[in-house]
Amino acid sequence: MSRIAEYGDLDALGLAALVRAGEVAPHELVEEAIRRAESVGAELGAVVTPMYEQARHLSRGTLPEGPFRGVPFLLKDLLAAAAGAPLQSGSRFFRGHVPAHDAEIVRRYRAAGLVPVAKTATSEFGLTPYVETLAHGACKNPWDPTRSAGGSSGGSGAAVAARIVPAASGGDGGGSIRIPASCCGLFGLKPTRGRTPTGPDRAEGWQGFAVQHVLTRSVRDSAALLDATCLPEPGAPYYPPPPARPFLDEVAVDPAPLRVAITTRPLLGQVVHPDCVAAVTDAAKLLGDLGHHIEEAAPELDGPAFSRAFFAILCGEVAAEIDLSARALGKRASPDDFEVATWALGQIGHAMSAADFVAARRHLYDTALRLAPFFSKYDVLLTPTLAQPPVLLGSLGPKGASAAIMRVLGRARASSLLKMLTSADPSVEQIYAYIPWTPVFNVTGQPAMSVPLHWNAAGLPIGAHFVGRYGDEATLLRLAGQLERARPWAGRRPPVCA
C-alpha cells in the first residue's frame with residue numbers, strides 16, 4: 001500500500017514525519033492536496049482561490065526545516081495575506097486585490113515548513129457565523145451539504161473535515177474558529193488575545209477581540225502550530241504571559257483534577273437545542289469519569305447590554321474597514337459592492353458618534369473585569385459551542401422585512417433612520433441566539449476551544465466548548481489531549497470526503 005494512500009488518515013505532524021523519513025516528497029503531498037481540493041473543494045464551496053502553481057514551485061524547492069516541512073495547508077481568505085495571491089475577504093469589493101507581502105502569521109506558517117495551496121471561503125469581513133456570499137456562494141457542510149459549515153472560517157472547516165488538508169488557518173472575532181469546528185467535527189482553539197501576530201497591516205483586529213489560529217483534526221497539530229506562531233510580534237499592543245514550555249508538550253500530559261463549571265444556560269440567547277444540551281451532559285459525564293470535579297455554575301452577564309455594545313463595535317469596525325479599504329484601493333465604495341447586511345452595518349457605524357463607540361468599548365472591557373472572578377473559582381467553564389446543530393443553508397441570513405429594511409436604510413444613509421437597525425433587529429437576534437457563548441470570550445480575551453465529542457442521531461457533529469483562564473492555553477490543551485485519548489474522533493469521516 002502506497003504511503004500517500006494514508007494522506008487522509010494522518011494529521012499534519014504525521015505527514016511531516018513521512019517527509020522527514022523520505023517516504024514521501026513534499027511535491028507529492030501538494031499534488032494530492034490539489035487533487036482533493038479540485039474534487040471536493042468545489043463541491044463544498046470551501047476553496048475559493050487556488051495557489052496551485054505557487055505551491056508546486058515551493059514544494060519542489062528548498063523548504064525550511066520546520067516541524068511541518070512539506071505539509072499542504074490552506075489559508076482563510078481574510079487577514080492571511082500571501083504575497084502574489086488574491087485577498088478578497090469574502091467580498092466583491094476586493095476582486096483583483098493582490099498583496100505584495102505576506103502577513104506575519106503567514107510568514108511564520110511558511111517558516112514552519114507549511115506549503116499554502118489555496119485560500120478558503122469566508123463570510124464578508126468575517127462578520128457572520130455562516131458562509132453564504134455573493135462573491136463565492138455558499139460553503140456546505142461535508143456531514144450534510146444542505147447545512148452550513150459554520151463561519152466565518154467555514155471554508156477552512158469544511159476543507160479539513162473533508163480531508164483536503166489536515167489543517168487550515170482561521171480567525172476568531174466572535175467564534176469564527178470554534179463555530180466551524182463544532183459544525184464540522186474538528187478541534188478548534190481560539191488562543192488568548194494577542195497570542196498570535198496580526199501585523200504588519202494592523203496592530204489588532206476588532207478592538208483586540210479577533211485572534212488568528214487554525215482548525216485541525218488533532219489536538220497536537222493545533223498545539224504545534226501555536227508553538228510555531230506564538231512568539232511576540234514587535235510593536236504589538238499586548239502579548240499574554242509566555243508559555244512555561246512548548247504547547248505541544250502539554251498535549252501528552254493529563255491535567256490534574258480540574259474544577260469545571262458547566263452550564264447550558266445561554267449568556268446571550270434564550271433557547272438551546274436538546275442535542276446541544278445532550279452534548280454538554282455527555283461531556284460532563286466523561287469529565288467526571290476522568291476524575292474532574294463538576295459543578296453547575298455560570299458567570300453572570302447582562303446579555304442585552306453586551307449584545308448592544310458588541311453590535312456597536314462591529315458597526316464601527318465595518319464602517320472604518322470600508323472607508324480605509326476604499327482609500328487604499330483608490331476606488332469608491334457603493335452598496336452594490338457589499339452584502340446588504342455589511343453595507344447596512346457600515347452605515348450604522350457612520351451614524352454613530354465617537355462617544356457611542358467608546359461607551360460600547362468601555363462596557364465590553366468592564367464586562368471582562370466583572371467575569372474574571374468567576375475563573376478564580378473554576379479552572380474551566382464548559383458550555384455548548386452553539387445553541388443549535390449545524391443549521392440549514394439560508395436559515396440565518398437577513399430575509400424578508402429585515403433584508404428590505406437593511407437595503408432601504410443602507411442606501412438612504414439617514415442617521416435617524418439607520419439607528420432603527422440595532423442588535424434587536426430579528427436577523428441580528430437570530431445570530432446571537434445561534435452563538436450565545438462564543439463572542440463573550442473574544443471580549444474577555446480568554447482562550448477557548450471547541451472539542452468534537454458528540455454526534456447527534458442525524459450524524460451531525462456538536463462541539464463542546466471549554467473556556468480557560470486568560471493566558472492559560474496549557475490547561476485547555478492538556479484537557480483536550482486527555483479527551484482525545486479517552487474518546488478519539490479522528491477516525492470519523494463525513495459523507496462528503498476526499
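Modeller: Leaving aside neighbours within four places in sequence, Leu-74 is in contact (heavy atoms within 4.5 Å) with Val-47, Val-117, Ala-118, Thr-120, Ala-159, Ile-164, Val-165, Ala-167, Ala-168 and Ser-169. The model is predicted, so local features are reported at pLDDT of at least 70 and side-chain atom pairs at pLDDT 80 or more, whereas totals for chains, interfaces and linings use all residues. Numbering runs from 1 along each chain as its sequence is written, and side-chain values rest on heavy atoms, without hydrogens or water.

The largest nonpolar core has 105 residues, and the members that touch the most others are Phe-68, Leu-74, Phe-187, Leu-382, Met-449, Leu-453 and Phe-466. Helix 2 (residues 26-44) supplies the largest share of this core, namely seven residues. A separate, second core holds 50 residues, including Ile-313, Cys-315, Phe-441 and Ala-448. A core here is a set of buried Ala, Val, Leu, Ile, Met, Phe, Trp, Tyr and Cys residues joined through side-chain atoms within 4.5 Å. Buried denotes under 20% relative accessible area, exposed over 50%, and partly exposed the range in between, with a 1.4 Å probe and protein chains only. Helices (H or I, at least four residues) and strands (E, at least two) are DSSP runs counted from the N terminus.

The structure holds 24 salt bridges, each defined by a side-chain nitrogen of Lys or Arg within 4 Å of a carboxyl oxygen of Asp or Glu. In general, side chains of opposite charge can pair when their charged atoms come close. One of these bridges joins Lys-119 to Asp-77, at 3.7 Å from N to O. Lys-119 lies in strand 3 (residues 115-120), and Asp-77 lies in the loop between strand 2 (72-76) and helix 4 (104-111), so that the pair links distant parts of the chain, 42 residues apart. Lys-119 and Asp-77 are both buried.

Within helix 4, Arg-108 and Glu-104 are four residues apart and therefore separated by about one helical turn. The closest N and O atoms of their salt bridge are 2.8 Å apart, and both Arg-108 and Glu-104 are buried.

A third bridge spans a greater stretch of sequence. Glu-250 pairs with Arg-478, with 2.6 Å between the closest N and O atoms. Because Glu-250 lies in helix 8 (residues 247-251) and Arg-478 in helix 18 (residues 473-486), the bridge ties together parts that are 228 residues apart in sequence. Glu-250 and Arg-478 are likewise buried. Elsewhere, salt bridges with shared partners join Glu-31, Glu-53 and Arg-56 into one network.

A search of the whole structure finds three cavities of 30 Å³ or more. On a 1 Å grid over the protein atoms alone, a cavity is a set of points where a 1.4 Å probe fits but cannot get out, and lining residues have an atom within 4 Å of a point. Points are joined across faces, edges and corners, and the volume is the space filled by probe spheres set on them.

The largest cavity holds about 120 Å³. It has 16 lining residues, of which Gly-194, Thr-196, Thr-198, Ala-203 and Tyr-238 are the closest to its centre. By class, this lining comprises eight nonpolar, five polar and three charged residues. Ala, Val, Leu, Ile, Met, Phe, Trp, Tyr, Cys and Pro count as nonpolar, Asp, Glu, Lys and Arg as charged, and the others, Gly among them, as polar.

Some backbone features complete the picture. Most residues other than glycine have a negative phi, and most peptide bonds are trans. The Gly-199 to Pro-200 bond, however, is cis, with omega about 0 degrees, and Pro-200 lies in the loop between strand 9 (187-190) and strand 10 (211-216). Trp-206, in the loop between strand 9 and strand 10, has a positive phi near 50 degrees and is buried at 16% relative accessible area. Gln-207 has a phi of about 60 degrees and, at 14% relative accessibility, is buried.

Note on methods: On a 1 Å grid over the protein atoms alone, a cavity is a set of points where a 1.4 Å probe fits but cannot get out, and a pocket is an open set with protein on both sides within 12 Å along at least five of seven lines; lining residues have an atom within 4 Å of a point.
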